[in-house]
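This walk-through takes the disulfides and then the sheet. The model is a predicted one.

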Amino acid sequence: MSKIARMAAVAAFAVPVLVGAAGTAQASTPSGCSSVTQIGSTAYITTGGQTMASVKQYKGCNKNYAYLYMWEGYRSTHSSWNVCTSIVTNGGHTLEDESCGIKANPVEIWSFGASTLSQCTQALGWSGTGDWPDPGDPRAVTDVRC
């Protein structure tokens with residue numbers, strides 16, 4: 001095979017890989033649900049005067065989902081982070097479907113989906129490793145949606 005033919009073959013295989021990789025930076029839907037709609041406002045986690053992440057609430061597939069996206073500016077200036085997100089009810093006192101980054105330094109996290117469409121809900125995101133944000137953990141919560 002000529003050098004040009006080999007380069008063309010490599011390019012043909014690389015394009016789908018690159019296209020597929022580009023679509024994974026910020027997923028449009030959570031696992032197991034093909035269509036969601038954002039409800040309410042976007043909240044922002046800030047720490048040290050820098051925006052760390054966005055937190056949003058979605059509805060779809062008869063559930064509420066919390067979504068957290070780590071901002072590129074934070075990722076480019078920090079070597080590690082731990083974050084979690086969850087739908088909360090009961091005035092922000094009850095976690096319904098907490099999800100923390102399974103791998104180190106996640107770029108985005110979707111909660112698992114809470115069967116809470118008949119309740120007033122918020123999406124909560126926080127920096128930390130616990131099952132609930134510690135008092136000093138940076139956090140953000142979206143507005144209440146009923």
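The link between Cys 120 and Cys 146 is right-handed, with 115° about the S-S bond. The sulfur atoms of Cys 120 and Cys 146 are 2.0 Å apart. Cys 120 is partly exposed, at 38% relative accessible area, while Cys 146 is exposed, at 74%.

The structure holds three disulfides. Another one joins Cys 33 to Cys 61, with 2.1 Å between the sulfur atoms. Cys 33 belongs to the loop between helix H1 (3-22) and S1, and Cys 61 to the loop between S2 and strand S3 (63-70); the pair links distant parts of the chain, 28 residues apart. The torsion about this S-S bond is about 95°, so the disulfide of Cys 33 and Cys 61 is right-handed. Cys 33 has 3% relative accessibility and is therefore buried, the cut-off being under 20%; Cys 61, at 40%, is partly exposed.

Cys 84 and Cys 100 are also joined, S to S 2.0 Å. Cys 84 lies in strand S4 (residues 83-89) and Cys 100 in strand S6 (residues 99-100), so the bond ties together parts 16 residues apart in sequence. Cys 84 is buried at 0%, whereas Cys 100 is partly exposed at 25%. In sequence order, the bonded cysteines pair 1-2, 3-4, 5-6.

S1 and S2 (residues 50-60) pair over eight bridges, and Ile 45 stands opposite Ala 53 in S2.

Definitions and conventions
Residues are numbered from 1 along each chain as its sequence is written. This is a predicted model: local features need pLDDT of at least 70, side-chain atom pairs count only at pLDDT 80 or more; totals for chains, interfaces and linings use all residues. Side-chain values use heavy atoms; hydrogens and water are left out. Two strands pair if DSSP finds at least two bridges between them. Helices (H or I, at least four residues) and strands (E, at least two) are DSSP runs, numbered from the N terminus. A disulfide is a pair of cysteine sulfur atoms within 2.5 Å. Buried means under 20% relative accessible area, exposed over 50%, partly exposed in between (1.4 Å probe, protein chains only).
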